[in-house]
Amino acid sequence: MSDDYKFDTLSLHAGHVPDPQFGSRAVPIHQTTSYVFRDTEHAAALYNMELGGHLYTRISNPTVAVLEQRVAALEGGVAATATASGMAALTTAVMTICSSGDHIVASSRMYGANINLLENTLPRFGITTTFVAPDDPDAIAAAIQPNTKIIFGEVIGNPGLDIMDVAAVGEVASKAHVPLMLDCTFNTPWLLKPIELGANIIIHSLTKWMGGHGIAIGGAVVDGGNFDWGRDDRFPTIAGPHYAMNEINFHEEFGPAAFTAKFRAEGMYNFGPSMSPTNAFHILQGLETLPLRMQRHMDNTAAMLEFLTSHDAVAWVKHPTLPDHPSHQLVQRMLPRGAGSIIVFGLKGGRAAGKAFIEAVELASHLANVGDAKTLVIHPASTTHSHISAEAMVEGGLSDDMIRLSVGLEDINDITTDFELGFRAAARVAAKAAE
Amino acid sequence: MKHELHGEMIHIATGGLDFDNNKPVLLFLHGSGQSHLTWVLQSRYFAHRGFAVLAPDLPGHGLSDGTPLASIEEMADWSVALLDSLQVASATYVAHSQGVLVALDAAARHPQHVSALALIAGAMAIPVNDMLIEMSQHQPDKAFEMMTSWGHGPGAHKFDNTQPGHSFLGYGRRVMAQNDGAALHADLVACNRYVSGPTAAAAITQPSLCLIAGRDRMTPAKFGHKMAATIPGATSCTFDRAGHFLPAEFPLEVNESLVAFLAR
């Protein structure tokens with residue numbers, strides 16, 4: 001039917017054609033703040049969005065653009081914009097759509113910073129959020145208000161691993177004519193391309209699996225181009241006269257890329273959450289091997305699940321592919337390649353045993369990141385989610401003894417050997433506590 | 001801007017400035033299943049260089065109401081009626097693909113309304129195979145995907161783009177999906193039935209420029225060259241690496257060619 005390049009090829013090539021002057025096969029790092037205009041007319045044309053091109057790296061940059069175009073290609077969007085971090089991506093995306101007085105419906109079981117932004121920061125600017133369970137489309141529908149401008153969630157929740165039924169929530173969003181914005185950091189487009197299921201805007205922390213090397217912070221916002229901003233008068237800053245460029249109407253001028261046009265013209269211009277060209281280069285190196293890494297992540301995750309679920313030291317294990325996960329059937333349908341490489345588990349002996357485990361392992365790294373090529377462990381209650389209220393912790397399905405494991409690409413036998421070391425330390429603590 | 005024509009509200013992109021019929025008018029005509037968004041990188045550019053830009057959505061396309069027109073001749077008459085309704089005596093027709101057929105027909109039958117022709121990725125006839133026509137009616141999403149894929153050159157397939165972060169393929173499919181469900185089918189049938197192109201082209205007396213895409217799989221370059229050879233006095237320029245969506249793939253080059261042509 002189509003001669004479009006496939007996912008693995010796009011991971012390597014999308015967004016980059018060797019430049020005619022030097023023919024660099026690798027993507028060059030354009031470490032520059034600015035670009036020499038051909039003449040005053042050319043400068044005016046760029047400022048006025050008459051032509052594409054680069055005028056200042058806060059707005060766009062050739063190296064960053066390759067990354068953006070690659071992410072857009074992998075997600076099947078009309079455009080993508082890279083940002084300094086995943087949180088910059090989310091914040092700027094919200095600011096692109098919402099104004100004071102607007103409302104968001106969001107998952108109650110998300111990454112702590114996502115919740116903090118919505119629960120504590122945005123209300124200071126007049127944007128409020130109702131939190132609901134991500135696996136309950138009816139509750140999401142019921143929470144929608146006349147001023148709701150975004151439905152937001154994570155496909156695979158961090159760290160509780162709750163799964164959102166993207167097609168079902170997409171239907172709710174479509175009926176209410178509210179854009180569905182999803183944080184897809186944990187799934188990556190290799191596991192799921194939610195735009196195909198009705199999502200409208202995709203948020204990424206590229207720091208995680210997309211980059212994969214743990215060497216560069218970055219984020220991206222992908223525009224699905226599948227939301228009609230002009231259907232009614234609810235999105236006046238996108239589909240109405242905007243203060244910039246002689247009252248430009250982004251919806252009329254740029255059609256399916258209206259959101260991206262405003263994101264870049266206002267979000268990047270006024271807020272300035274730009275990614276550095278060098279970080280874009282580093283993340284591009286990771287993206288080249290995304291399909292290979294993700295397959296290995298899934299293989300090692302499956303092996304770790306088998307190891308953990310059969311181990312005497314482990315009290316409980318949670319992963320969406322396990323039969324006792326409430327979304328197990330949905331996952332089989334929606335995420336046939338796997339449900340990510342995060343596993344959460346608790347040890348017999350509770351929080352103290354968990355602490356002993358984390359301090360005893362020698363191969364797995366105790367740190368805040370996920371999605372690295374290396375295996376990582378952390379105790380969310382005392383770290384990533386320590387700023388979340390006790391009520392929100394319970395609502396988020398987080399327990400005090402939870403350990404979050406980000407399964408890496410090492411030889412699986414080395415990971416399990418390392419974990420045995422940790423389990424022995426945990427067992428000693430548990431035995432001492434029992435005395 | 002919104003404008004009422006034949007009782008239907010149509011959308012016309014004017015490049016971000018109010019339409020002023022005292023300026024030289026450029027009428028941009030889009031192709032099958034497309035809209036004013038074909039001209040994103042031309043409409044603002046020329047509006048800010050002293051021209052009055054009209055990039056309408058044909059009825060049933062883009063942001064225009066109404067029913068898609070059934071023939072190239074109807075589209076040509078519609079374009080002239082649009083100019084009349086805006087008190088425009090004549091315009092330079094800048095046309096892409098199906099729009100080239102419309103421009104040829106308008107130039108032949110309404111020569112007083114057409115002051116010059118810039119014909120982009122076009123031909124004197126655009127036969128459409130039965131499979132695509134049927135697909136456009138029964139599986140429009142597949143037709144959008146196929147045409148968007150065929151319609152773009154090698155750079156676009158590698159997601160090279162002058163607009164940072166943008167995807168030609170993703171954008172192209174969404175532009176087509178924005179139309180009335182019957183629009184693409186009506187357009188393809190109209191193209192397939194139109195046979196007056198060679199006669200119309202041979203009769204043209206207006207200054208004409210043909211911009212030809214070297215990697216065009218929708219209206220292959222050889223047909224563009226044939227058209228240029230048929231139109232008396234026409235000049236042409238070929239963009240070797242461009243696909244059918246030449247105005248988007250090579251916007252600066254297209255615009256500079258048009259600027260030179262308009263300054264003749």
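This is a predicted model: local features need pLDDT of at least 70, side-chain atom pairs count only at pLDDT 80 or more; totals for chains, interfaces and linings use all residues.
A:Glu41, at 46% relative accessibility, counts as partly exposed. The side chains of B:Arg49 and A:Glu41 meet in a salt bridge, with 3.3 Å from N to O, the term standing for a side-chain nitrogen of Lys or Arg within 4 Å of a carboxyl oxygen of Asp or Glu. This pair crosses between chains, from B:Arg49 in the loop between helix H1 (40–47) and strand S4 (52–56) of chain B to A:Glu41 in helix H2 of chain A. Helices (H or I, at least four residues) and strands (E, at least two) are DSSP runs, numbered from the N terminus.

Residues are numbered from 1 along each chain as its sequence is written, while chains are lettered from A and ligands numbered from 1 in the order in which they are written. Local features need pLDDT of at least 70 and side-chain atom pairs count only at pLDDT 80 or more, whereas totals for chains, interfaces and linings use all residues; side-chain values use heavy atoms, with hydrogens and water left out.

The interface can now be taken as a whole. Contact (heavy atoms within 4.5 Å) involves 47 residues of chain A and 43 residues of chain B. The buried area, that is, the accessible area (1.4 Å probe) that two parts lose on being put together, summed over both, is about 3600 Å² between chain A and chain B, with carbon and sulfur atoms giving 54%. Five salt bridges are found across this interface, and 21 residue pairs are in polar contact there, both residues being at pLDDT 80 or more. A polar contact is a pair of N or O atoms within 3.5 Å; within protein, one must be able to donate a hydrogen and the other to accept it, and residues adjacent in sequence count only if both atoms are side-chain atoms.

On the side of chain A that touches chain B, at least two residues each come from helix H1 (7–13), helix H2 (40–47), helix H3 (62–75), strand S1 (79–83), helix H9 (250–254) and helix H10 (258–271). H3(A) gives the most, with five residues. By class, this side of chain A has 20 nonpolar, 18 polar and nine charged residues, where Ala, Val, Leu, Ile, Met, Phe, Trp, Tyr, Cys and Pro count as nonpolar, Asp, Glu, Lys and Arg as charged, and the others, Gly among them, as polar.

H3(A) also deserves a look of its own. Because 13 of its 14 residues are buried, H3(A) is largely enclosed by the rest of the structure. Its end C-alpha atoms are 20 Å apart, in agreement with the 20 Å that 14 residues should span at 1.5 Å a residue; the expected span is 1.5 Å times one less than the number of residues. At the N-terminal end, A:Asn61 caps the helix through a side-chain oxygen that lies 2.8 Å from the backbone nitrogen of A:Thr63. After the helix comes A:Gly76, whose phi is positive, near 75°.

Within H3 of chain A lies A:Leu67, which is buried at a relative accessible area of 0%. Not counting residues up to four places away in sequence, A:Leu67 touches A:Ala82, A:Leu206, A:Met275, A:Ala280, A:Ile283, A:Leu284 and A:Leu287. A:Thr57, in the loop between H2 and H3 of chain A, is likewise buried, at 14%. The side chains of A:Thr57 and A:Asn61 are joined by a polar contact of 3.2 Å.

Over all chains, the whole structure holds 17 salt bridges. In one of them, A:Lys149 and A:Asp102 bring their closest N and O atoms to 2.9 Å. This pair links distant parts of the chain, 47 residues apart: A:Lys149 is in strand S4 (residues 148–154) of chain A, and A:Asp102 is in the loop between helix H4 (86–97) and strand S2 (103–107). Both partners are buried. A:Glu171 and A:Lys175 also form a salt bridge, at 3.8 Å from N to O. These two residues are four residues apart in helix H7 (residues 166–176) of chain A, so they are separated by about one helical turn. A:Glu171 is partly exposed at 49% relative accessibility, and A:Lys175 is exposed at 69%.

Definitions and conventions. Buried means under 20% relative accessible area, exposed over 50%, partly exposed in between (1.4 Å probe, protein chains only).
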